[in-house]
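Please walk me through this model in the viewer. Tell me what to select at each stop and what is there.

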Amino acid sequence: MNNNSTTEYKAVILSRYCGKYRPADEKTATALKTSSDIMLDLRPMAEFTPDEISAYLATMGYSIGFDGETPVWLLKTDDLKQIE
């Protein structure tokens, strides 16, 4: 498998995972996750780095908030349970 195929494979996994959540703001967030939390959630599927996850979420319009001193992604559960 070449590097491009690996990149596409990982993008598919991340996009499917993010289908469970929508971007949120501080008022609408129902889940707060660090990139490391997401990395651990996805570990059974593929190996990601926190930087890969951060880059993907940032480009997809997800916002960063803080849980105490820790930066977290502001997510809200998709009530429709649909994957784009």
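How many aromatic pairs does the count come to? One. Keep in mind that this is a predicted model.

**Stop 1: the rings.** Select Tyr17 and Tyr21, which form the aromatic pair. Their ring centres lie 5.8 Å apart. Tyr17 and Tyr21 are both buried.

**Stop 2: the core.** Now select Ile38, Leu42, Phe48, Ile53 and Leu57. These have the most contacts inside the largest nonpolar core, a set of 17 residues. Colour helix 1 (3–18), helix 2 (35–42), helix 3 (50–59) and strand 4 (70–77): each supplies at least two residues of this core. Helix 1 gives the most, with four residues.

**Stop 3: Ile38.** Centre on Ile38 and show its surroundings. Leaving aside residues up to four places away in sequence, Ile38 touches Tyr17, Lys33, Ile53, Leu57 and Trp73.

**Stop 4: two helices.** Show helix 2 with helix 3. They pack at an angle of about 105 degrees, and their axes are 9 Å apart. Angles of 65 to 115 degrees count as roughly perpendicular, so helix 2 is roughly perpendicular to helix 3. On the helix 2 side, select Ser35, Ser36, Ile38 and Met39. On the helix 3 side, select Pro50, Ile53, Ser54 and Leu57. By class, this contact of helix 2 with helix 3 has five nonpolar and three polar residues, and no charged ones.

Definitions and conventions
Residues are numbered from 1 along each chain as its sequence is written. This is a predicted model: local features need pLDDT of at least 70, side-chain atom pairs count only at pLDDT 80 or more; totals for chains, interfaces and linings use all residues. Side-chain values use heavy atoms; hydrogens and water are left out. A nonpolar core is a set of buried Ala, Val, Leu, Ile, Met, Phe, Trp, Tyr and Cys residues joined through side-chain atoms within 4.5 Å. Buried means under 20% relative accessible area, exposed over 50%, partly exposed in between (1.4 Å probe, protein chains only). Contact means heavy atoms within 4.5 Å. Axes are lines fitted to C-alpha atoms, for helices over the stretch in contact, and angles run from 0 to 180 degrees between N-to-C directions. Angles under 35 degrees count as roughly parallel, over 145 as roughly antiparallel, 65 to 115 as roughly perpendicular and the rest as oblique. Ala, Val, Leu, Ile, Met, Phe, Trp, Tyr, Cys and Pro count as nonpolar, Asp, Glu, Lys and Arg as charged, and the others, Gly among them, as polar. Rings of Phe, Tyr and Trp (its six-membered ring) pair if their centres lie within 6.5 Å; planes under 30 degrees apart count as stacked, over 60 as edge-to-face and the rest as tilted.
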